[in-house]
Amino acid sequence: MAEFLEVALSYPTLPYSVVLCFAVIYWMLAATGIIDEGGIGSGDGADFHSGADGASGLAGMFARMGLGGAPTMLVVLLLAFFGWSITYLVQLFFLQPLPALLRWGIGTGVAFAALIPGAIVSSWVLRPIRRFLMKLRAVPQENILGKVGQVSSPEVTAGHGYASIDDGGAGLILQVRAQPGSRFERGERVRLVRYLPQHNHYLVVGEADLPTLDIPISQVSVGKEKH
């Protein structure tokens, strides 16, 4: 354990260790709902969290590397993991016996070179993930509003949740949100009543609760949130 920490926390493995820890913490927070992962499935697939110019630029760089079509932070996680694995093994078996100056010089080259096989392996891993993410893309079409689906996440609240919709084909998995104070559990049937494009999710109510809404589905305009 001591040797593992020594290698992981020394150069050239350290930069990858920092990025990898950051990415893991990000996805742990997203999984618990502390960070809203609501960008998944939106946009053009290059970056589902591209609210800022820096993020868009990073997504563009990933796309040129063949890593587009997935959330930026997922690509970062994969690159960091494979880059960390390569630099860790190289440092453990080859760099440790070298003098400090030589170890830093060769280590810098290894750290940059590790991105090449890391990107190749990451692109292989992303292939099936891209196909899955295609099903997560919201389809803001008028004929989807009013459809009934089934809650596929552990729960649907005002802050998070997913539901599966039968579209007559392979089916859709959409991000959905309940009205404040409402909550639906896995397997419950819900109805899509409004699409909120700025958040890329649908507002849902219980299958039998539609008459309680103030705004009928026929008056909901797709792509606009009525206030």
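Arg189 counts as partly exposed, because its relative accessibility is 46%. In this predicted model, the side chain of Arg189 meets that of Glu207 in a salt bridge, with 3.0 Å from N to O. The pair links distant parts of the chain: Arg189 belongs to strand S6 (residues 189–196), Glu207 lies in the segment after strand S7 (201–206), and 18 residues separate them. Glu207 is likewise described as partly exposed, with a relative accessible area of 33%. Side chains of opposite charge can pair when their charged atoms come close.

A search of the whole structure finds 3 salt bridges. Another of these joins Glu155 to Arg183, and here the closest N and O atoms are 2.6 Å apart. Glu155 sits in strand S2 (residues 155–156) and Arg183 in the loop between S4 and strand S5 (184–185), so this contact ties together parts that are 28 residues apart in sequence. Arg183 also forms a salt bridge with Glu185, where the closest N and O atoms are 2.9 Å apart. Burial would require a value under 20%.

The strands may now be placed within the whole chain. There are 6 helices and 7 strands, and along the sequence the pattern reads α-α-α-α-α-α-β-β-β-β-β-β-β. Of the 227 residues in the chain, 40% are buried.

Which strands form the closed barrel? It consists of 5 strands in the order S1-S3-S4-S7-S6, with mixed pairing. From one strand to the next, the twist averages 55°. Strands of a sheet pair through backbone hydrogen bonds, either parallel or antiparallel. Strand S1 (residues 148–151) pairs with S3 in the antiparallel sense over 3 bridges, and Gly149 stands opposite Ile165 in S3. Strand S3 (residues 162–165) in turn pairs with strand S4 (residues 172–178), again in the antiparallel sense, over 4 bridges. Within S4, Leu172 is the bridge partner of Ile165, while Leu174 stands opposite Ala163.

The side chain of Arg177 reaches the backbone oxygen of Gly161 at 3.4 Å.

Met1 lies in the segment before H1 and counts as exposed, because its relative accessibility is 74%. Together with Phe4, Leu5, Leu9, Leu14 and Val18, Met1 makes a nonpolar surface patch of about 590 Å². Helix H1 (2–8) and helix H2 (13–32) each supply at least two residues of this patch. In the loop between these two helices lies Pro12, which a cis peptide bond joins to Tyr11, with omega at about 10°.

Notes
Residues numbered from 1 in each chain as written. Predicted model: local features only at pLDDT ≥ 70, side-chain atom pairs only at ≥ 80, totals over all residues. Heavy atoms only, no water. Patch = residues over 30% accessible without salt bridge, like charges linked within 9 Å, V, L, I, M, F, W, Y side chains within 5 Å. Areas by Shrake-Rupley, 256 points an atom, 1.4 Å probe, with all protein chains shown as cover. Salt bridge = Lys/Arg side-chain N within 4 Å of Asp/Glu carboxyl O. Buried < 20%, exposed > 50% of the residue type's maximum accessible area, 1.4 Å probe, protein only. Pairing = 2+ DSSP bridges. Axes fitted to C-alpha atoms, helices over the stretch in contact; angles between N-to-C directions. Polar contact = N/O pair within 3.5 Å; in protein donor to acceptor, adjacent residues only side chain to side chain.
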